[in-house]
Amino acid sequence: MFGYEFYVDPSRCIGCQACIKACEECETHRGVSMINFDYLDRPNSIASAAFVCFHCDDPTCAEVCPADAIKIGEDGVVQSALKPRCIACSNCVLACPFGIPKLVPEYEQMMKCDMCYDRTSAGKRPMCATVCPSQALAYVRPEEIARTRREKPVNDFRFGQQTVRTKVFMMAPAGLEEIVIDVVDYMWEGVSHGA
Amino acid sequence: MAKPPVDLQQLTAEFGPHPQRVPPGGWQEESRNPAERLVKTHCCFCGQQCGIQLKVRGNSVIGFEPWEEFPFNEGKLCPKGVKRYLQSNHPDRLLDPLIRTSSGFRKAGWEEALDLTVRRLQEIQAKYGKDSVAVFGGASLITEKAYLMGKFARVALGTRHIDYNGRLCMVSAGVAYKLAFNVDRSPIPWSDIAQADVVFCIGANVGECAPITTDYIWRARDHGARLIVADPRFTPISRNADLYLPLRPGTDLVLLMGMLHVVLRDGLEDRDFIAAHTTGFDDVAESVKSYDLRSVAERTGVPPEAIERAARWFAQGPRSVALHARGLEHQSKGVENVLALINLTLATGKIGREGCGCAMITGQGNGQGGREHGQKCDQLPGARSIHDPVAREHVARVWGIQPEDLPQAGYSAQEIMNAIHDGEIKGLLSICFNPSVSLPQAEYTKEALNQLEFFGVIDFFLSETARHADVVLAGSLQEEEEGVTCSTEGRVLHIRKAVDPPANAWGDSRIICELARRLGKERYFPFQSTREIFDELREASRGGIADYYGITYERIDREMGVFWPCPSEDHPGTPRLMEGGVSMFPDGKCRFQVTEWRESGDPVAEDFPLYFTTGRVVSQYLSGTQTRRIGGLVDMYPEPRVEIHPRLAERHGIGEGDWVTITSRRADLTLRAMIVKTIRPDTVFVPYHWADEQSANKLTHRTLDPRSKIPEFKVSACRIRKAEQVPEWAITPDGGPR
């Protein structure tokens, strides 16, 4: 849909999983959900988060695919692996910095969120963002997001040395320009290798 | 004796619940075919009544499509809404009437089943009197059917005992709002929530029980509103609460009176509003004088600063909305609790203008409409009191009977079950109600049902309750008859018929009219369609509080719903009640009501030191008759678990997933533990949607609020221990645990 963008805001998620149930209903992968959903730490928190594919400008999944099976549509949507090409090697599953692609064993194929191209190409919003009761997943015009939300949309992500720009936006606290995830920040380097 | 004819396993094997996971014809086959029709209607699975389009091919509902133009939910749906289409074409669906035999249930023709039902009801009434037969209705029925049930009980059977499962839902709020405002409806449309500067949710698990309301609260937060959540559990919306009040179960009244104490102590009340629009303020002010912060904090378990802050935020708004649901209402002082919240709202002048008000969140599908037109034991159509001679005369005239032939008020739902248990009521006709699962003290309910001399059930699946039936009349799903419902906002909606009842199942309204005809009352039930019932209902409601006279199916379609009261076809309807603070009483005043503390009917004590409380999960609806048959929902939360705080679990040596036995003064229940820090350490929680050995209501008690007659589901006393062994029901046929 022209002029609409996809926004993910886990802080709005209530864990209802309507997105998962609705994703199963989609025409292109009926009965299989492409939503990535998790409770972050259920024993200690109610916090939950639902994600779709972020649809990178230069998708790592496609770069590492030895069979050249992962294509990007004109609309910037990164597709599931092409069935005739996919060798189910899981390179993409391991390489994606967001952990999105799934190997579906019964189809021997990598499948992932295609942002409901069957719907968006017909002027409908993606199924998950349409039904999401809390609009943690939202498919709306950028001016609408700017007008209604306090949080700021961000689509530059830095994973260590790799910077990724995505089609899908993440809502971040106002003032944050990019989302930095650096494993080094969490590492303890006080002991040498082999110790 | 209405005992189940054969054992549970045999009945379950034949009638389910079997979880249906794939659409009719499978994911890849028949259901891929395009829909022949998209039917704009509403979800059947809660009082939000979200707009949805059902995909129909032939006589099958094969899927859904969001209905983005419908203003309340704009296409949004919770998982129940997404999967609701799977209840159609279900393998457990009753396709013929059933008659109980010694070896189970046999299929019967309609003539035989209807004749037997009427003959037995007549025999019992001839022998024991008219009131020896009771009728149970349900708040998931369209309003036409709810109206028909009230008329059927009073005119066709001539019994005064008709009540419904909304008795377990909206009655505490209803009584309180009538006392304060003379109207039983949310005073606000939901758009007011999004306009508020402060949203106060008490006893309302919005994220799981009314998921779409979340978006209204988040939109309020988007423009800077503060969210206050009071609940013994840290529910999903609490994640964004600016203030969380973890109150002890059953102490809501103390908290609310304490908040009003702070408001008055700090001079934050709205003196002008109180003077212009209310009565009874001084007595209420006097009643909260002793509710000082320290004692309130001790009794509720909420820090004094938090109580103080909540009171100040709510009073200072400037625009504040208070939302409440069953947490506040499912108590033996449910009415007092709601009144205390209304007192706080009135004292701070937070009603009758945009972004302000207090509102009940209705739980059942037609929880609002189902209670307005005559299936409550004390109410006639138009939300009229059955005690009011003028109301009786009006309704008797519309029905074509003499006012003196209209029975007086009967028993409420739990009182009917008690009277069955005591042998006073001998016969029961029930529709859309599964008391085996939903009434408190489940074993007592089963004993009562077993004693019935005749039990007739109208239903589309064989519920746990219907297992006791002598005759089961195969009825219809919501999508199989046209009619209206009323949503939590007070918006009357059009339920469009998507398909016909399958095979030999009948529309419920046809079944009721046929029963009436066989009872010799055909002239009072000449209806050929639900539209004709609605037209009579409009007339019957005319001039009442819940006035539907100006509402037609066509208007609802044009205007995307019409808010009652709507007394004439050129009346615009009434989204916000009490505009400017004017109540529905003749004098226009809102009434402060003094509230008084009472102990729970099942108090915590040394041998039962913990609170036991119940509620819903997002994937299930009420007694689960429908949602335990939908695989995608069953898989989300397959069996009830007991939520326990790690501090309590540690004390009893309980680990995640261990079997735990909960003991109340009535029974034991053994379930697996879910150890979470999102519940008070003195409280355990179990969702109530399951039956028999998984039923939370084994443990609950039958204490009722004296005015609303709602059972006290939210407060029981219990103790827990790690179970010695895996319960029998959880062992698979090969002997291993499930």
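Helices (H or I, at least four residues) and strands (E, at least two) are DSSP runs, numbered from the N terminus. The model is predicted: local features need pLDDT of at least 70, side-chain atom pairs count only at pLDDT 80 or more, and totals for chains, interfaces and linings use all residues. Residues are numbered from 1 along each chain as its sequence is written, while chains are lettered from A and ligands numbered from 1 in the order in which they are written.

**Exercise 1. Chain B as a whole**

Task: State how many helices and strands chain B has, and compare its radius of gyration with that of a compact globule.

Solution. 
- Step 1. Chain B has 24 helices and 28 strands.
- Step 2. The radius of gyration is taken over C-alpha atoms, and the globule rule is 2.2 Å times the number of residues to the power 0.38.
- Step 3. For 738 residues a compact globule would have a radius near 27 Å; chain B has 25 Å, which agrees.
- Step 4. Along the principal axes, the C-alpha atoms of chain B fill a box of roughly 70 × 65 × 55 Å.

**Exercise 2. A sheet in chain B**

Task: Give the strand order of the open sheet of five strands in chain B and name its edge strands.

Solution. 
- Step 1. Two strands pair if DSSP finds at least two bridges between them.
- Step 2. The order is β10-β9-β8-β12-β13 (chain B), and the pairing is parallel.
- Step 3. β10 (243-245) and β13 (357-360) of chain B each pair on one side only, and are the edge strands.
- Step 4. β12 (residues 320-324) of chain B pairs with β13(B) over four bridges; Ala322(B) stands opposite Cys358(B).

**Exercise 3. A hairpin in chain B**

Task: Describe how β4(B) and β5(B) are joined and paired.

Solution. 
- Step 1. A hairpin of two residues joins β4(B) to β5(B).
- Step 2. Strands β4 (residues 98-101) and β5 (residues 104-107) of chain B are antiparallel, with four bridges.
- Step 3. In this pair, Arg100(B) has Phe105(B) as its bridge partner.

**Exercise 4. Two residues of chain A**

Task: Decide whether Gln17(A) and His55(A) are buried or exposed.

Solution. 
- Step 1. A residue is buried if 20 or more other C-beta atoms lie within 10 Å of its own, exposed if 12 or fewer, and partly exposed in between; C-beta atoms are placed from the backbone.
- Step 2. Gln17(A) has 25 C-beta neighbours inside 10 Å, so Gln17(A) is buried.
- Step 3. His55(A) has 24 such neighbours, so His55(A) is buried.
- Step 4. Phi is positive in these non-glycine residues: near 70° for Gln17(A) and near 55° for His55(A).
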